[in-house]
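Trainee: Could you take me through this structure, giving the general idea behind each feature before the case at hand?
Mentor: Gladly; let us begin by looking at it.

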Amino acid sequence: MVHRSWLEIDLNQIKKNYQIYKTQLPTNTKVMAVVKADAYGHGDVNIAECMQQCGIDLFAVSNIEEAIRLRLNNIKGEILILGYTPISCINDLMKYDITQAILSNEYFEEILNSNLDITHLKCQYAIDTGMNRIGLDADDLLNTEQSIRFVAKNLNLTGLFTHLCVADTDNEKCIAFTKEQIKKFEIVADSVADLKLKYIHCLNSAGGLSYNNCKYNSIVRLGIILYGLKPDYSNVLPDGIHSALSWKSVISMIKDVHKGETIGYGRTFIAEQDMKVATVPTGYADGYNRLLSNKGHVIINGKNAPILGRICMDQFMIDVSNIENLKIGDEIDLLNTNYNADDMAQELNTIGYEIICDIGRRVSRLYK
Ligand SMILES: *Cc1c(COP(=O)(O)O)cnc(C)c1O
């Protein structure tokens, strides 16, 4: 553990987030823990182990490297790859008992043409109900049904899933669109009901809260709310769900800057009076967004210290004129429960998801 720039991740809070979220679901609904992108920056193996302790045996990732890492670290149960796996890796899917999403007919044809024995390959067919990202077109019901049946004959088809694209937005148009997506998915799933597929699912974090009374509600794919953040900033999360992550750094230098001097690259900040300035050894190479230049702030003993000038690759400067008794090595918060990734995202016109996924690998992860 290097105390330069690090994350403190509270696994008990992750468990709490899961348990509280679970109370909002129908009793028979199970949670699939979405641990793609290194568990949204929280560390996929640690989060998956933590969820396994909570009794979860369904996991989702975005690619085969993530899936194999979980298996090599003793994660049991189903691991579903939600996105693309190169055909050259199909053997590894079977070797590690990983379930692949089928993205399209063309993708399935490529798997077939690989001339491998794929009878035991586990797959789930993606169904496109309006997002236009991956999956068979739910509007083309006859072809979609045929495609599902064809795949079921050739390999071990275990399920179907679709993805909701505005389940987090609480206005009439979005609600109507989401209901329509769910309806389309039901029609496709019903058309192949005789296949008795084990996993038929359509809900993400947001959908699990607002649309969990739908017919195919046996699984919620829980991502962002597991980590205590909001799908959309306007959402209100159930009481007790909080971000489990604090991002900390230290003060590496303190100095006096005189009226008229400038700070950092491009000289974009000009001191209008004498001030006390501190340097922080974290930068955009750590995933600390450069658009926070002259805009964001850090928290020192509960007080905000504004960022001065541009974020550098490995360092940035802050105004500590109003902070008493500060010395080199003191800990500061870049993110904490009062100013979390969702709050920072508001300043950057993005979403909390992007902030946490962008935190760099050279930022140490500390678990408690
Ligand atoms: C990322 C993802 C999820 C999780 O979404 P959250 O909004 O983080 O809950 C669920 N399903 C699919 C297909 C995804 O890609």
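Mentor: Domain bounds come from an automatic or database domain assignment, and for this chain the assignment gives domain 1 (25-227) and domain 2 (245-367). Please keep in mind that this is a predicted model, in which local features need pLDDT of at least 70 and side-chain atom pairs count only at pLDDT 80 or more, while totals for chains, interfaces and linings use all residues. Residues are numbered from 1 along each chain as its sequence is written, and side-chain values use heavy atoms, with hydrogens and water left out.

Trainee: How many residues of domain 1 are in contact with domain 2?
Mentor: Contact means heavy atoms within 4.5 Å, and by that rule eight residues of domain 1 are in contact with seven residues of domain 2. The centres of the two domains, taken over C-alpha atoms, are 39 Å apart.

Trainee: What area do domain 1 and domain 2 bury between them?
Mentor: The size of an interface is often given as the accessible area lost when the parts come together. Here buried area is the accessible area (1.4 Å probe) that two parts lose on being put together, summed over both, and domain 1 and domain 2 bury about 760 Å² between them, 61% of it on carbon and sulfur atoms. On the side of domain 1, Y40, H42 and I224 lose the most area to domain 2, together 54% of what that side buries.

Trainee: Which side chains meet in a salt bridge there?
Mentor: A salt bridge is a side-chain nitrogen of Lys or Arg within 4 Å of a carboxyl oxygen of Asp or Glu. Between domain 1 and domain 2 the count is one salt bridge, and the side chains of D38 and R361 meet in a salt bridge at 2.4 Å, N to O. Helices (H or I, at least four residues) and strands (E, at least two) are DSSP runs, numbered from the N terminus, and helix α2 (residues 36-40) gives the most to the side of domain 1 that touches domain 2, with three residues.

Trainee: Which residues are around the ligand?
Mentor: A residue counts as near a molecule if one of its heavy atoms lies within 4 Å of it, and the residues around the ligand include K36, Y40, R133, H163, G223, I224 and Y353. An oxygen atom of the ligand is 2.6 Å from an N or O atom in the side chain of Y40, and a polar side-chain atom of Y353 lies 2.7 Å from an oxygen atom of the ligand.

Note on methods
Polar contact = N/O pair within 3.5 Å; in protein donor to acceptor, adjacent residues only side chain to side chain.
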